[in-house]
Amino acid sequence: METNELHRGRLIDHVQLVVRNLPASQAFYEAVFEALKVPMGGTGDGFFWADELFVSTAQSGAAQGHLTGRVHLAFQAQDRAMVDAFYKAALAHGGQDNGAPGERPYHPGYYAAFVLDPDGNNIEAVFHGAATRSAASVKVTF
């Protein structure tokens with residue numbers, strides 16, 4: 001299968017992960033997002049968020065007492081060096097290797113790394129190679 005065009009930012013509004021150990025997850029994701037140059041959005045009683053990712057304890061109202069199952073999340077990286085930095089930061093902050101940085105066969109130029117976060121979720125950083133974007137990001141104003 002050859003992919004000629006990718007569209008990002010049109011399908012997912014937000015994702016919630018419900019975790020066992022919020023401080024461990026927060027340390028992991030803060031390090032990962034620093035490597036990916038994604039600012040943390042904020043914290044609250046039993047949760048934190050960044051961009052479209054919301055992470056909470058099972059006691060949050062939205063979680064209704066249940067942990068999420070194993071999830072795969074892929075974060076966009078600006079270049080291969082950022083994928084490498086993500087991988088190193090994740091391993092240094094409680095992540096486990098699930099696929100070292102390297103080219104993948106999904107499409108030409110697909111360079112990614114995979115780690116398991118403290119709850120076993122499969123977290124990926126991917127650089128799709130040289131491409132032209134119509135916009136750097138989508139801005140929504142209310």
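Two strands count as paired if DSSP finds at least two bridges between them. The model discussed below is predicted.

Q: What makes β5 and β9 a pair of strands?
A: Pairing requires at least two bridges, and five bridges join β5 to β9. The two strands therefore count as paired, and they run parallel. Within this pairing, F75 has A125 of β9 as its bridge partner.

Q: How do the side chains along β5 alternate?
A: L73 and F75 point to one face and are buried.

Q: Why is F75 called buried?
A: The relative accessible area of F75 is 16%. Buried means under 20%, so F75 is buried.

Q: Why is the pair F33 and F75 called edge-to-face?
A: Ring centres must lie within 6.5 Å, and planes over 60 degrees apart count as edge-to-face. The centres of F33 and F75 are 5.2 Å apart and their planes stand at 75°, so the pair is edge-to-face. F33 belongs to helix α1 and F75 to strand β5, so the pair ties together parts that are 42 residues apart in sequence. F33 is also buried, with a relative accessible area of 3%.

Q: How many aromatic pairs are there by this rule?
A: The count comes to six aromatic pairs.

Q: Why is the pair Y29 and F48 called tilted?
A: Planes under 30 degrees apart count as stacked and those over 60 as edge-to-face, the rest being tilted. The planes of Y29 and F48 are at 45°, with ring centres 6.4 Å apart, so the pair is tilted. Y29 lies in helix α1 and F48 in strand β3, so this pair ties together parts that are 19 residues apart in sequence. Both Y29 and F48 are buried.

Q: Which residues do ring pairs link into a cluster?
A: The cluster consists of F28, Y29, F33, F48 and F75.

Q: Which residues have the most contacts inside the largest nonpolar core?
A: This core has 26 residues, and those with the most contacts inside it are Y29, V32, L36, L53, F75, F86 and I123. Elements giving two or more residues to the core include α1, β5, α2 and β9. The largest share, six residues, comes from α1. In soluble globular proteins, nonpolar side chains tend to be buried together.

Q: With which residues is V32 in contact, leaving aside its neighbours within four places in sequence?
A: V32 is in contact with F75, F86 and A90.

Q: Why are β1 and β2 said to stand at the edges of their sheet?
A: Four strands form an open sheet in the order β1-β4-β3-β2, with mixed pairing. β1 and β2 each have a single partner strand, so one side of each is left without a neighbour in the sheet. From one strand to the next, the twist averages 20°.

Q: What makes β1 and β4 a pair?
A: The threshold is at least two bridges, and β1 and β4 pair in the parallel sense over five bridges. V19 stands opposite T57 in β4.

Q: Why do D51 and Q64 count as exposed?
A: Exposed means over 50% relative accessible area. D51 is at 51% and therefore counts as exposed; Q64, at 62%, also counts as exposed. D51 is found in the loop between β3 and β4, and Q64 lies in the loop between β4 and β5. Phi is near 55° in D51, a positive value in a residue other than glycine. Phi of Q64 is likewise near 55°.

Conventions
Residues are numbered from 1 along each chain as its sequence is written. This is a predicted model: local features need pLDDT of at least 70, side-chain atom pairs count only at pLDDT 80 or more; totals for chains, interfaces and linings use all residues. Side-chain values use heavy atoms; hydrogens and water are left out. A nonpolar core is a set of buried Ala, Val, Leu, Ile, Met, Phe, Trp, Tyr and Cys residues joined through side-chain atoms within 4.5 Å. Buried means under 20% relative accessible area, exposed over 50%, partly exposed in between (1.4 Å probe, protein chains only). Contact means heavy atoms within 4.5 Å. Axes are lines fitted to C-alpha atoms, for helices over the stretch in contact, and angles run from 0 to 180 degrees between N-to-C directions.
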